[in-house]
Amino acid sequence: MRYTLPKAEKLVSLKAIDLTFADGKSLFCYPIKLLYTLNSTSLTNQSLFSVPKRNFKRANKRNTIKRRMREAYRLNKHIHATVSRETGKVYNLVFIYIAKEEEGYSRIEESVVTLLNRLAQMDSTSVK
């Protein structure tokens, strides 16, 4: 498995983003909330990372947090990708940072790993 995050794995379609926010199911592990929907148009999971301007006024803080979330996802996306390949289900994933203060990378990574494990576990149990 290559630890990259190519453009094909980034969620950029406005229609897909709106659908995910409107109809998506959610998982939560502080400080991140994960919204997800099934994706029928792509061959791989697509992800989006969001940090609200309401909580972090300065762009450099928002960008730092998004960078940490992307890195945590990039290094751990294999957790859900293997189950996704087995089940044939592909998802649109939106990671939303909901904490009011900036957390360290280790806390963000722990949260991303937990969310990916939960999603993978839900997929594997739905196939059986």
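## A buried loop residue

In this predicted model, V90 has a relative accessibility of 10% and therefore counts as buried, the cut-off being under 20%. V90 is found in the loop that runs between α3 (78–87) and β4 (91–97). Leaving aside neighbours within four places in sequence, the contacts of V90 are T37, L38, N39, S42, L43, T44, N45 and S84. The C-alpha atom of V90 is separated by 15 Å from that of V12, 78 residues apart along the chain.

An α-helix has 3.6 residues a turn, so residues three or four places apart point the same way. After α3 comes G88, with a positive phi near 80°. Most residues other than glycine have a negative phi.

## The sheet

The model contains an open sheet of 4 strands, in the order β1-β2-β4-β3, with mixed pairing. Its edge strands, each pairing on one side only, are β1 (25–29) and β3 (46–50). From one strand to the next, the twist averages 20°. Strands of a sheet pair through backbone hydrogen bonds, either parallel or antiparallel.

Strands β1 and β2 run antiparallel and are joined by 5 bridges, and a hairpin connects them through 2 residues. Strand β2 (residues 32–38) also runs antiparallel to β4, with 7 bridges between the two. Helix α2 (residues 59–76) lies across β2, β3 and β4, and runs at about 150° to β3.

S26 has its place in strand β1, and its bridge partner in β2 is L35. Not counting residues up to four places away in sequence, S26 touches K33, L34, L35 and Y36. Is S26 buried or partly exposed? S26 counts as partly exposed, because its relative accessibility is 42%. Between S26 and L115 the C-alpha distance is 9.9 Å, although 89 residues separate them in sequence.

The loop between β1 and β2 contains P31. Y30 and P31 are joined by a cis peptide bond with omega of about 10°. Most peptide bonds, in general, are trans.

## Nonpolar cores

The largest nonpolar core has 24 residues, of which I32, M69, Y73, L93, F95, Y97 and V112 touch the most other members. At least two residues of this core come from each of β1, β2, α2, β4 and α4 (105–127). The element that gives the most is α4, with 5 residues. A second, separate core has 6 residues, among them A16, L35, V94 and I96. In soluble globular proteins, nonpolar side chains tend to be buried together.

For L93, the contacts beyond four places in sequence are L11, L34, L35, Y36, N45, Q46, S47, L48, Y73 and L119.

## Aromatic pairs

How many aromatic pairs does a search of the whole structure find? The search finds 5 aromatic pairs. One of them is the tilted pair of F56 and Y97, at 5.8 Å centre to centre with 55° between the planes. F56 lies in the loop between β3 and α2 and Y97 in strand β4, so this pair ties together parts that are 41 residues apart in sequence. F56 is buried, with a relative accessible area of 7%, and Y97 is buried at 0%.

Y73 and F95 form another tilted pair, 5.5 Å centre to centre and 55° between the planes. This pair links distant parts of the chain, with Y73 in helix α2 and F95 in strand β4, 22 residues apart. Y73 counts as buried at 2% relative accessibility, and F95 counts as buried at 0%. Together with F49, Y73 and F95 form one aromatic cluster.

N76 lies in helix α2 and is buried, with a relative accessible area of 11%. A polar atom of the N76 side chain lies 2.8 Å from the backbone oxygen of A72. Leaving aside neighbours within four places in sequence, N76 is in contact with E109, V113 and L116.

Methods: Residues numbered from 1 in each chain as written. Predicted model: local features only at pLDDT ≥ 70, side-chain atom pairs only at ≥ 80, totals over all residues. Heavy atoms only, no water. Buried < 20%, exposed > 50% of the residue type's maximum accessible area, 1.4 Å probe, protein only. Contact = heavy atoms within 4.5 Å. Pairing = 2+ DSSP bridges. Axes fitted to C-alpha atoms, helices over the stretch in contact; angles between N-to-C directions. Core = buried A, V, L, I, M, F, W, Y, C linked by side-chain atoms within 4.5 Å. Polar contact = N/O pair within 3.5 Å; in protein donor to acceptor, adjacent residues only side chain to side chain. Phe/Tyr/Trp six-rings, centres within 6.5 Å; stacked < 30°, edge-to-face > 60°.
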